[in-house]
Amino acid sequence: MKGNELMLSYKNSTKVIKDSQTVTAILSVGATEQFGPYLPMHLDTLIAEHQVTVFGERLNAYVLPTLPFNTSEEHANQIGTVTVSPAVISMMLEEIIVNLHRQGFTQFILCNGHGGAYWESAFVKQINFKYPEIVIITTHRYRAFEEALHAAGLDGLNERHGGLLSVATAMWLCPELVDLQPMGGDVPLSHYPVADYVFWDQLTTDGCWGSFEPGVYSPDELATIGETFWTTFTEKRAEHLKETLTTAVRLRNLPGRNED
């Protein structure tokens, strides 16, 4: 941690959370979905957990457990994948927000570790409209993907799911669960327009939208790539979170304690 930054979580006691006087809570959503034949299915959940740890420290916020399910329809016919509808996940998050608001929380951040969560923007807009006494912002507006690719030495990487970057991510976050075997392959450009309309195993060889070949990088190099990418990506998104939250609180004329 830097300076007096403090992250609170469900691992703290109610006394610690109350004494902190924080009014900011961070909700996060991962996923449980296929990542090809050799990667674990909770990778998006691990990504979300990494991001909210950083965001929680920056905002002196209360970080809730990451929800492990999301809208994963594109992978839903592959065994082990769990997908829930946008309505169900939105209802659950709204219930959590309302409960925390009763306790005094007025500022919320929603973090998503899953790239296919199209419901997120609509949910955030609706909650801000429905509950004028609170504010909720999302982290996804800050486009940091290309910068993170550059930092990790992966400029121009043509991958959406389950290729080199996914392997590198897993080698950093959960190396004991990775089997470094060839997976994925090139996906024709003609498949891009229909990616949201069919299952991805109909568009790809094994559900991977990207490819990985072992031997190009050592295990340590893969882990370094994963760490560099996600550290850069998360830091870039964290840069503007406090400013955005503070501005939204001011414009909505809300009381709050968000100082350092």
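## What lines the largest pocket

In this predicted model, the residues lining the largest pocket divide into 17 nonpolar, 13 polar and 10 charged. Altogether, 40 residues make up this lining. The pocket has a volume of about 1,200 Å³.

Which residues lie nearest the centre of the pocket? They are Gly113, His114, Gly115, Gly116 and Arg160. Some helices take part as well: α2 (43-59), α4, α6 (164-173) and α7 (219-239) are the elements that give two or more residues to the lining. Of these, α2 provides the largest share, with 4 residues.

## The sheet

Now let us turn to the strands. Strands of a sheet pair through backbone hydrogen bonds, and the pairing can be parallel or antiparallel. Here, 5 strands build an open sheet with parallel pairing. If you trace the strands across the sheet, their order is β1-β3-β2-β4-β5. At the edges you will find β1 (8-9) and β5 (135-138), each of which pairs on one side only.

Have a look at β5 and its partner. Strand β4 (residues 107-112) pairs with β5 in the parallel sense, over 4 bridges. Within this pairing, leucine 110 stands opposite threonine 138 of β5.

## Helices against the sheet

Helix α4 (residues 119-130) packs on the sheet, where it touches β2 (24-29), β4 and β5. The direction of α4 makes about 165 degrees with that of β5. As you saw above, α4 is also one of the elements that contribute to the pocket lining.

Helix α8 (residues 241-251) lies across β2, β4 and β5 too. How is α8 angled to β5? Helix α8 runs at about 150 degrees to this strand.

## Aromatic pairs

A pair of aromatic rings is described by the distance of the centres and the angle of the planes. The structure holds 8 such pairs. One of them joins tryptophan 230 and phenylalanine 233: the ring centres are 5.2 Å apart and the planes stand at 75 degrees, so the pair is edge-to-face.

Both residues belong to helix α7. Because tryptophan 230 and phenylalanine 233 are 3 residues apart in this helix, about one helical turn separates them.

Notes: Residues numbered from 1 in each chain as written. Predicted model: local features only at pLDDT ≥ 70, side-chain atom pairs only at ≥ 80, totals over all residues. Heavy atoms only, no water. Pairing = 2+ DSSP bridges. Contact = heavy atoms within 4.5 Å. Axes fitted to C-alpha atoms, helices over the stretch in contact; angles between N-to-C directions. 1 Å grid on protein atoms, 1.4 Å probe; cavity = no way out; pocket = protein on both sides within 12 Å on 5 of 7 lines; lining within 4 Å. Points joined across faces, edges and corners; volume = space filled by probe spheres on them. Nonpolar A, V, L, I, M, F, W, Y, C, P; charged D, E, K, R; others polar. Phe/Tyr/Trp six-rings, centres within 6.5 Å; stacked < 30°, edge-to-face > 60°.
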